[in-house]
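Dear colleague,

Please find below the sequence and structure that I am handing over to you. My findings are set out after them.

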Amino acid sequence: MLKDKIEKHLLEIQKPSRYIGGEVGSVIKDKSKVDVRFAFCFPDTYDIGMSHLGMKILYSLTNERENYWCERCFAPGLDFEAIMRENDIPLYALESLDPIRDFDFIGFTMQYELSYSTVLNMLDLAGIPIFAKDRTNELTQIVVAGGPCVCNPEPLADFFDLFILGEGEEVNLELMDLYWEMKQQGADRISFLRRAAQIGGVYVPQFYEFSYKEDGTIAKVTPKEGAPAVVKKRIIKNFDQVYYPENFVVPFTEIVHDRVSVEVLRGCIRGCRFCQAGFIYRPFREKSTDTICRETRCLCENTGYDEVSLASLSTSDHFDIDNMLTKLIEYTEGERINLSLPSLRVDNFSEALLEKIKRVRKSGLTFAAEGGTQRLRDVINKNVSEEEIMSTCRIAFEGGYSAVKLYFMMGLPTETDEDIVGIAELAQRIVDLFYSIENRPKGRGVQVSVSCATFVPKPFTPFQFEPQDTREEIERKQKLLLDSVKTKKIKVSYHDPNVSQLEVILAKGDRRLCQVIYAAWKKGCKFDSWSEHYHFDKWLEAFAECGVDPAFYANRRFGYDEILPWDHLDYFVTKDFLIRENKTAHQSVTTPNCRLKCSACGVSKEMGGACFDKGKSCF
Amino acid sequence: MIRVRAVFEKKGRAKYISHLDLNRCMLRTFRRSRLPIWYTEGFNPHPYYSFALALSLGFESNCEIMDFNITDDNMSMEEIRDRLNAVMPEGMRIVSAAPQRLKITAITSARYSFSLVTEDAAGLFEAVKTTLAQPELLIEKKTKKGIKTVDIRPDMKVISCEATDTGVDMVMDLPAGTQTNYNPTLFVEVLKKFTQIPFTAEKFCRTGIFCENNEIFS
């Protein structure tokens, strides 16, 4: 039995409870009574993957169906991987401890580009052919992927049988239903894929042929086998009524987000031009306060967690935020539960709201200012003014805070040295503000942390056309920022530009990158998001060997007329809108948020009506 | 307020829950049970519970001890036990709940069973006998003050030692409690000095916790 084989080695490795299942809330079924088995795979370690909300939702939703069984699977740490390879332990799922190669579906969630190489490693560990074309024509082992990265799935196209675009709550079950129907009929893989391609939101990459121009850009994308020319993402229209789990799997070992998470809204009204999530998750939809409170209570009671966090892109944009927080705090205080509120925006951060958060917990405050000058913030449509940042910091300092963390990006379109120096100057003005306040916290100095990421242009954003700064340019700007900071009260941290460069290539790449990813994995690349496991030199070798120029994807401006690798996928926002927004950005002109004024991004047409009705979202 | 002492099992997959994780796991178990557990009254109130002895990662146990206080004086021990068992993780079960009798400091020893597995069962059995016949068994033991050489033989009480088809099954009592704690792996370590026969030690299980005169701790 695989379990005995696993247990033989568990005490030789770090945090063994990650590899053996048995957690409270995990779902065990009698496999003789199950028709379709789904291995939900997260291409990173247990500690990271178990924190992912999407997995929790789809896991519970699938398991509600008696004859379907969804299990979890994560990438093993290097210590356990070595043992698995040495002892022929194939990658297995945590509920049954059965090898995932025997499953009907092997589903990966693609949350970040730097997990791509780990997907290949997991398939290999599972004993599943890495390339889709090498898999049997029997109807089994369907390798699928979803999540934000599959809005441009082309760099992964050769490895997957199909991609699920958009939200999975409905389409996943439709896909499993079709599979079970055809399995009973004795159908083969290819005929299943042909019919699956007709389901809305399902993209079968092998049915699309790419041809290229001499300059390397795409000439044409041709659908085959009756597959639709354009595949449209799926969304849940009635978000307030959408399925939400009543229970989570509660891990024994500590994970990154070790708490109850309640989704309060999906989508975002802001339209920050660099933010992929802000566009691909449209339209903006909210849950009612009653639903949010009910789900919070239910999950806290069933899991036993003493911490709950509200999940969204911008919690303070909820139409009923004050009332919602009042009700939630009433419950959590009575039950001695900590409430954490990430994703609060600077501009509608009221004194009353801060007072409420303070009662809950006194932790650091973080603001995403993103740009160092007003001009640049206008370019990226981050509608936050310096007065707003200052007045929020003032409220925070007067309320007893003495540490502020600011997020910025470097390498943004139109950025000049003035914008970089502006980051340091803004931080300095916050330091000065602190010392100008009479009733500032005594006995402590102020700490302003500046965290500076490298801008990565992403598909389906107005900046999808933009090139990324070269590594040399980013390094020059990082040095300029460090030189502009004159005090130890400002702490600067930034990302490795080599990592950001790989991110943009994988985000904006096309099918020709599949071979590069394969070559990099062959050279030992995996866990690229872990700095200790990241080997940029190996990636560069892989690019060279495959004859692919990284700069073609990273540092080239993509033309408005160019066929982009993701143009045949429809995420509701139109290319016309993205071009319009790109032009507006270059004029340093902002676009109002969706609640103030509709900018005709294309979503409302899909939804058959306006996204907002008197300030409240309709969906 | 009732001071409760619960005896619980930690078996099967639950043996991979580390001591640190066990703390968190019990906190959530208490919350799921919705028992009126007493919270500390300090600046950061938290539910009060404590474990008598730490259990090594990978060891099973029939007899782990956990103390906590219940604020409802009228609650029966059966109800406390049943409500916790209803929400316990797989492999963990409250065997009994009763009012605390002795102080934790009364614990003197603990009993462990384990198996030594080898290809050469007869040879290993001889080696175990030779080892146990030694007047002293010196071992380097890591303590808070550094590495110390100790003789574990005087404090080691072998309850049973049987040859099996696959090796040797052993049961022994070792000092435990607030003063001295010996882990049965110390014996395994010392045995390796007396034999070249390759073997592995497995199925460690704590089967009893005792105080003076071999009385079961409760």
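The notes below go through the findings by topic.

Please bear in mind that this is a predicted model.

Domains of chain A

The domain assignment divides chain A into domain 1 (2-232), domain 2 (236-249 + 257-362 + 602-619) and domain 3 (364-495). Taken over C-alpha atoms, the centres of domain 1 of chain A and domain 3 of chain A are 39 Å apart.

Helix 5 of chain A

Among the buried residues are A:Tyr116, A:Leu120, A:Asn121, A:Met122 and A:Leu125. What do the buried residues of helix 5 of chain A pack against? Their partners in chain A are strand 1 (36-42), helix 4, strand 3, helix 16 (497-508) and helix 17 (513-522). After helix 5 of chain A comes A:Gly127, with a positive phi near 80°.

Backbone features in loops of chain A

Two residues other than glycine deserve a mention for their phi values. A:Asp88 has a positive phi, near 55°, and sits in the loop between helix 4 (78-86) and strand 3 (105-109) of chain A. Is A:Asp88 buried or exposed? It counts as exposed because it has 8 C-beta neighbours inside 10 Å, and the cut-off for exposed is 12 or fewer.

A:Phe572 is not a glycine either, and its phi is positive at about 75°. This residue belongs to the loop between strand 19 (569-570) and helix 20 (575-586) of chain A. A:Phe572 counts as buried because 22 C-beta neighbours lie inside 10 Å, where the cut-off for buried is 20 or more.

A:Pro283 is found in the loop between helix 8 (277-280) and strand 12 (285-286) of chain A.

A helix pair in chain B

In chain B, the axes of helix 3 (residues 121-133) and helix 4 (residues 184-194) come within 9 Å and cross at roughly 105°. Helix 3 of chain B is therefore roughly perpendicular to helix 4 of chain B. In this contact, helix 3 of chain B contributes B:Ala127, B:Val128, B:Thr130 and B:Thr131, while helix 4 of chain B contributes B:Val190, B:Leu191 and B:Phe194. Of the contact residues, 5 are nonpolar, 2 are polar and none is charged.

With kind regards

Key:
Residues numbered from 1 in each chain as written. Chains lettered and ligands numbered in written order. Predicted model: local features only at pLDDT ≥ 70, side-chain atom pairs only at ≥ 80, totals over all residues. Domains from an automatic or database assignment. Helix = DSSP H or I, 4+ residues; strand = E, 2+ residues; numbered from the N terminus. Axes fitted to C-alpha atoms, helices over the stretch in contact; angles between N-to-C directions. Parallel < 35°, antiparallel > 145°, perpendicular 65-115°, else oblique. Contact = placed C-beta atoms within 7 Å. Nonpolar A, V, L, I, M, F, W, Y, C, P; charged D, E, K, R; others polar.
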